[in-house]
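Dear colleague,

Please find below the structure that I am handing over to you. My notes on what was found in it follow directly after.

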Amino acid sequence: MPGLTTATDRRGEVAGRCALLVVAALLLPQVAAAHVFDVDVSKLSRTDILSTYLKLGFTHILPLGLDHILFVLSIFFLEPRLKPVLLQATAFTVAHSITLGLAMYGLISPPASIVEPIIALSILFVAIENIMADKLNPWRVAIVFGFGLIHGMGFASVLTSLGLPRAMFVESLISFNIGVELGQVTVILLAWLLVGRWFADKPWYKQRVVVPVSVVIGLIAAYWTVERVFFA
C-alpha cells in the first residue's frame, strides 16, 4: 500500500533524524575528551587571549557540554521555530552570564555538589514539561532564565580552573560568554536543519518527535541526578 509505505518511511526519517541528534550529543564529548583545553594565557597577545576564551566558551558547549546540549535541545523541541527558541537561548545566556560573572568575581561560591545535580534536574524538568505541555507557555522564558542562573555556576568551574587574566578580566569573561552563545546557537541551528525545518508544522510532531525525544532526554537527566547526588 503506497500510502502506508510513505507514512512508515516518514516515521523512520523523523526517528532517524531525532536519533542522530541525541546520539551525536552523547558521543561528541567522548570523541573530544582527549582534547583538553590547556594554554598559558600569560604568553598570549590581547587578540589571542580573546580568541582563546571565545574558543573555550564554544567548546564548553560543542562538543564537551553534553548536559548543556541536552538542555538546549529540550528548549528547542517543544516549539522549534527559530524566534521563540533563540529568545529562550538569549534569556539563558543573560542568566548564566550574571552568575558566571558573580562567581568569577568571588561574590558567590556555590559548591559543585549542589550545582551539578540541579543542572541535571533542570534538564529533567524541561523534558517533563515538553511531554505534558501542548504549547510553549509564556512563563517558559522565566523558567529558562532561572535555570540559566544555575548553569552559569557550572560554567564558573571551567573558568576557575583556567583563570582569567587580570589585565583583561572583563573582556575575557565576555569573550567566553559569546563563545557559549555561539555554541548554543549552533546546536539550535543544527536541530532546526535536521528536524524543525521539515517536521515542526506536522500534526503528528508532538506525538512522534517531542514525546519520544523528551523521554530519552528525561531518562538521561534522571540518571545524572541520581549519579550526582549519590555517587559523585
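**Overall picture**

Of the contacts in the protein chain with a separation of 6 or more, 85% are between residues 24 or more positions apart, where contact means heavy atoms within 4.5 Å. This is a predicted model, in which local features need pLDDT of at least 70 and side-chain atom pairs count only at pLDDT 80 or more, while totals for chains, interfaces and linings use all residues. Residues are numbered from 1 along each chain as its sequence is written, and side-chain values use heavy atoms, with hydrogens and water left out.

The protein chain has eight helices and zero strands. Here helices (H or I, at least four residues) and strands (E, at least two) are DSSP runs, numbered from the N terminus. Buried residues (under 20% relative accessible area with a 1.4 Å probe, protein chains only; exposed is over 50%, partly exposed in between) make up 46% of the 232 residues.

Two packed helices are described by the angle between their axes and the distance between the axes. Axes are lines fitted to C-alpha atoms, for helices over the stretch in contact, and angles run from 0 to 180 degrees between N-to-C directions.

Helix α3 (residues 66-78) packs against helix α5 (residues 112-132) at about 20°, and their axes are 9 Å apart. The two are therefore roughly parallel (angles under 35 degrees; over 145 is roughly antiparallel, 65 to 115 roughly perpendicular and the rest oblique). On the α3 side the contact includes L70 and F71, and on the α5 side it includes I119 and I123.

**Helices α2 and α7**

The axes of helix α2 (residues 46-61) and α7 cross at roughly 40° and come within 7 Å. That angle makes α2 oblique to α7. Among the residues that meet here are Y53 and G57 in α2, with F176 and G179 in α7.

**Residue N177**

N177 lies in helix α7 (residues 169-199). Is N177 buried or exposed? N177 counts as buried because its relative accessibility is 10%. The side chains of N177 and H96 are joined by a polar contact of 3.4 Å; such a contact is a pair of N or O atoms within 3.5 Å, and within protein one must be able to donate a hydrogen and the other to accept it, while residues adjacent in sequence count only if both atoms are side-chain atoms. Leaving aside neighbours within four places in sequence, N177 is in contact with H96, S97 and L100.

Yours sincerely
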